[in-house]
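User: Hi! Could you walk me through this one in simple words?
Analyst: Happy to, let's have a look together.

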Amino acid sequence: MVPSPLALLLALGAAATALAEPLRFVDCGSIDGSIQEVNVSPCPTQPCLLHKGTSYSINVTFASKIDSQGSKARVYGEMLHVDIPFPIPEPDGCKSGIQCPIKKGHSYSYLNKLPVKTEYPSIKLIVKWELVDDQDQMLFCWKIPVQISS
């Protein structure tokens, strides 16, 4: 029996949805915004298994509580309560899906990539992702547990 095009489409849609399930996250100090959803793709289960040499898509939907001309992302690997800076390709939020200036009361989808370099150690840690406004206040801050592996 040959599957119908509709059945294939539904199966593909279900598979794509499974890869982009909203994550359980800890809000770590969102002051000037409120997080509605955090997605890391692919990350079908938590803790997210991050493979060295792979780049992961980050999508954060948030509402701004303030006006801001711009925004900047800071990402850390948190180990033993110490934040170690984690470089990302584009720290400017206005070049990461957010239409600037940011307006109070509007919702935004922040899009970025998390590259996992081959030289990173195989370790369990917490990823902490901050987006600050033009006054260096938190638009959002979230944390998720991850496992880096080869």
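**Contacts and rings**

User: Leaving out residues up to four places away in sequence, what does Glu78 touch?
Analyst: Glu78 touches Asp83, Leu125, Ile126, Lys128 and Lys143, where contact means heavy atoms within 4.5 Å. This is a predicted model: local features need pLDDT of at least 70, side-chain atom pairs count only at pLDDT 80 or more, and totals for chains, interfaces and linings use all residues. Residues are numbered from 1 along each chain as its sequence is written, and side-chain values use heavy atoms, with hydrogens and water left out.

User: Is Glu78 buried or exposed?
Analyst: Glu78 is buried because its relative accessible area is 13%; buried means under 20%, exposed over 50%, partly exposed in between, with a 1.4 Å probe and protein chains only.

User: And which side chain has a polar contact with the side chain of Glu78?
Analyst: That of Lys143, at 3.0 Å. A polar contact is a pair of N or O atoms within 3.5 Å; within protein, one must be able to donate a hydrogen and the other to accept it, and residues adjacent in sequence count only if both atoms are side-chain atoms.

User: New topic: how many aromatic pairs are there?
Analyst: Six. Rings of Phe, Tyr and Trp (its six-membered ring) pair if their centres lie within 6.5 Å; planes under 30 degrees apart count as stacked, over 60 as edge-to-face and the rest as tilted. One of the pairs is Tyr110 with Trp129, edge-to-face at 6.2 Å centre to centre and 70 degrees between the planes.

User: Are those two buried or exposed?
Analyst: Tyr110 is buried, at 0% relative accessibility, and Trp129 is buried at 0% too.

User: Which residues form the aromatic cluster?
Analyst: Phe62, Tyr108, Tyr110, Trp129, Phe140 and Trp142.
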